Amino acid sequence: MAEVKLSQQGPRSRRLLAAESELIASLYASVATADFFMDFMARLCELLDLRSGTLGISNRVTQEIKGGWPYRIEPEYLGIYIAGNLASGDRLLEHVLEAPPGRFYCTNLHLDNVDDYQRNSELYRRWAIPQGIHDVAMALLQREGEWVSFVAMQRSVEQGGFSEGECQLLNRLLPHLRRALQMHRYFIDTQGQQQSLGEWLSLIRVPVLLFNEHFEASDRNRAADQFFARNPGVSLVDGRFDLADPTLNSEVGFRVMEAVKTSIGQHSSELGLQVVRPLAGEPFHLVLMPLAGRDGQSVAGAGAVVFIHQAGDGYADDLSALATHYALTPSEQRLCEGLLRGHNLKQMAEASGRRHETLRSQLKDVFAKTATRSQAELVTTLLTHPALLFADFAAPPAN
Amino acid sequence: MTETRLVTDRRAVPPLAAGSEAVDALYASVGDGAAWRRFLQALGQRLGAELLCLGFRDAASGSVHAYAAVRSDSQFGDAPAALEAQLLAVAAAGEQLSFVLESAGVTALWWDKRGVSALALRASAGDAASLLATLQAERDFLQYLMPHFACADQLFSKLRASVSRVDAMTQVLGLLPLPLVLLDADDRVQLVNARARSLLGGAGLSEVLALPRLPADGHGALRHRHGELDVFVQPQASGERVLLLLADRPPALNEALLASLFDFSARERALCQLVLAGLEPAQMAERLDRSLDTVRSHLKSIYRKAGVHSLAQLAARLYFSPAYWLAGSAEELGDG
């Protein structure tokens with residue numbers, strides 16, 4: 001085996017290339033961050049000696065602006081641009097919208113009578129000149145109906161106009177900008193979906209946790225929050241179950257890992273539902289279910305769902321949502337609530353000091369109103385009723 | 001308006017211009033497993049390597065993963081798995097930059113920087129000088145791509161984590177016994193779970209979707225009549241809506257979980273299936289063709305095991321157990 005040292009080749013072109021390469025990497029690195037585009041724009045400004053830059057999405061017809069990343073453009077001037085409807089007199093923008101797509105165009109290379117435009121147009125008088133902007137390079141990134149996304153870069157008089165070579169560099173960056181913007185939107189959309197789906201997880205009335213491919217709990221529903229609040233001996237630490245006992249923790253962690261590995265096909269045998277009873281004395285079980293397996297290399301879910309079953313979990317909510325729905329009187333509502341908590345008529349009669357017969361006849365009225373015939377049917381009907389599931393939703397989330 | 005055609009400035013074309021094409025292809029493949037494999041194949045071809053392997057080490061978690069592409073006529077054939085493991089071990093060892101010529105007829109180029117490793121293998125051929133030149137170009141090329149490998153891999157991980165969560169939630173909501181339809185703020189269907197699909201059929205869904213929107217001040221659940229189905233609509237502040245259909249029959253409870261969580265026997269489980277349907281003991285006896293006494297004795301045993309004292313209480317106990325909420329998955333999952 002021989003170790004070979006190589007000499008450096010073409011240091012200058014390599015430096016330029018490295019700068020462009022870093023620029024592209026910085027763009028993609030910011031795709032999944034909140035201040036998307038800013039780091040890239042800062043680097044680009046340094047590399048090309050730019051004054052400022054903007055990435056924006058606007059409506060051609062209404063001039064409405066949906067999103068934007070202004071770098072070194074003060075909000076005040078964004079306001080002036082929008083309120084003054086200056087886009088309608090933006091000749092470079094018009095040019096960009098009409099010329100072949102996928103290229104940068106700039107004031108000093110692609111507009112005629114540019115001196116007059118830069119002295120007398122409203123855009124320059126009210127917007128560009130006060131900011132010290134002289135030349136602008138601009139490109140269309142995407143057009144979706146009336147919505148266009150574009151990127152613009154500005155230079156001062158001292159910084160000078162754009163050269164052909166610079167335009168070429170910018171043109172090479174353009175596909176990356178377009179793709180990064182699409183990825184960014186995709187990422188934001190998925191995050192929005194995560195939020196809403198996470199909320200709907202609370203339709204499940206038993207504690208549920210989702211574990212991701214790193215074996216960490218990424219989501220849990222409201223019932224799970226309530227479970228952890230009621231059971232101080234069980235908690236989540238760094239997304240993992242903590243049962244205050246190292247042996248139990250590793251046992252439960254191992255089971256979760258097995259379930260997750262099954263979902264990505266890394267487990268030797270196909271595991272279905274697994275029931276784990278972590279503590280002999282404690283009245284709860286974990287039900288682990290691997291998610292449907294996918295190809296490990298595609299963007300899709302690896303993970304497991306964990307349901308917590310606690311023996312003796314009772315029902316303690318009030319039924320006012322259902323009372324409205326079925327037009328139950330307050331005492332009929334209390335009767336139903338008692339049944340859901342597992343009390344029988346006799347117990348309720350004793351507790352409330354009312355006659356057993358009164359409650360019996362009240363129950364008959366409830367049967368009639370809910371179109372049920374037995375206590376069990378009544379309980380099932382009430383529990384599984386959408387109005388009750390939604391009642392929890394309409395309520396503000398528990399603090 | 002002036003001429004918009006751009007003239008190519010030959011001097012500005014970098015010597016490794018092909019690198020930018022590779023960078024483009026690399027980022028285009030992020031999030032698409034098939035495209036990523038095509039990219040690796042193409043890169044291996046571009047380098048003239050029979051086998052190309054990339055390994056990634058996450059600095060924060062220390063976890064490592066690798067991908068390999070082999071040319072179909074490669075002598076290395078089944079090597080990728082072993083090489084991946086080797087590369088992972090190398091990647092885990094830390095940052096190094098190395099350039100190795102092996103004598104046994106195989107030339108290996110191995111690079112490791114900032115948590116990314118690349119390994120290219122080829123059969124040694126030709127004289128040492130031309131081989132050296134090839135490897136030099138290859139090294140430059142990989143050097144150019146290295147930061148992008150790392151960046152693309154991180155981006156991929158983030159996107160995958162994000163999409164995985166959505167996927168996981170969709171799967172969980174999809175198998176719920178509640179027949180539900182989720183609509184986004186633009187009324188596009190996000191999810192119709194299996195139970196809703198079976199209740200609605202194909203035509204039913206469009207009818208439900210045509211239901212009038214809730215008034216702006218709509219709060220709580222509204223009820224619409226759709227054929228024999230009640231449809232409840234719950235709006236969110238964000239404009240999303242969930243539609244819940246009221247099913248006339250409860251779902252079949254998950255037998256495996258009934259056995260595992262409550263220790264119910266087969267006969268006891270059969271009785272439990274009738275509890276959520278609201279049957280009285282006499283009706284259960286009739287349905288199961290058993291005597292009322294037998295049903296009562298089974299129920300007594302069920303009550304004891306579940307720690308309840310009435311059918312109503314049992315119904316609630318079953319409802320608040322995974323046996324109900326994983327009802328839809330009973331057939332798909334086996335006994336565990």
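**Exercise 1.** Are helix 8 of chain B and helix 9 of chain B roughly parallel or roughly perpendicular to each other?

**Solution.** The model is a predicted one, in which local features need pLDDT of at least 70 and side-chain atom pairs count only at pLDDT 80 or more, whereas totals for chains, interfaces and linings use all residues. Residues are numbered from 1 along each chain as its sequence is written, and chains are lettered from A and ligands numbered from 1 in the order in which they are written.

Begin with the geometry: helix 8 (residues 281-288) and helix 9 (residues 292-306) of chain B pack with their axes 9 Å apart, at an angle of about 110°. Angles of 65 to 115 degrees count as roughly perpendicular, those under 35 as roughly parallel, over 145 as roughly antiparallel, and the rest as oblique. The two helices of chain B are therefore roughly perpendicular to each other.

Next, identify the contact, where C-beta atoms, placed from the backbone, lie within 7 Å: helix 8 of chain B contributes B:Pro281, B:Ala282, B:Met284 and B:Ala285, and helix 9 of chain B contributes B:Leu292, B:Val295, B:Arg296 and B:Leu299.

**Exercise 2.** Which residues does A:Val306 contact, leaving aside its neighbours within four places in sequence?

**Solution.** With those neighbours set aside, the partners of A:Val306 are A:Leu209, A:Phe211, A:Val256, A:Leu286, A:Val287 and A:Leu288. As for its setting, A:Val306 and B:Ala315 have the most contacts inside the largest nonpolar core, which has 103 residues. Helix 10 (residues 311-319) of chain B gives the most to this core, with 7 residues. A core is a set of buried Ala, Val, Leu, Ile, Met, Phe, Trp, Tyr and Cys residues joined through C-beta atoms within 7 Å, and buried means that 20 or more other C-beta atoms lie within 10 Å of a residue's own.

Methods. Buried ≥ 20, exposed ≤ 12 C-beta atoms within 10 Å, placed from the backbone. Helix = DSSP H or I, 4+ residues; strand = E, 2+ residues; numbered from the N terminus. Contact = placed C-beta atoms within 7 Å. Axes fitted to C-alpha atoms, helices over the stretch in contact; angles between N-to-C directions.
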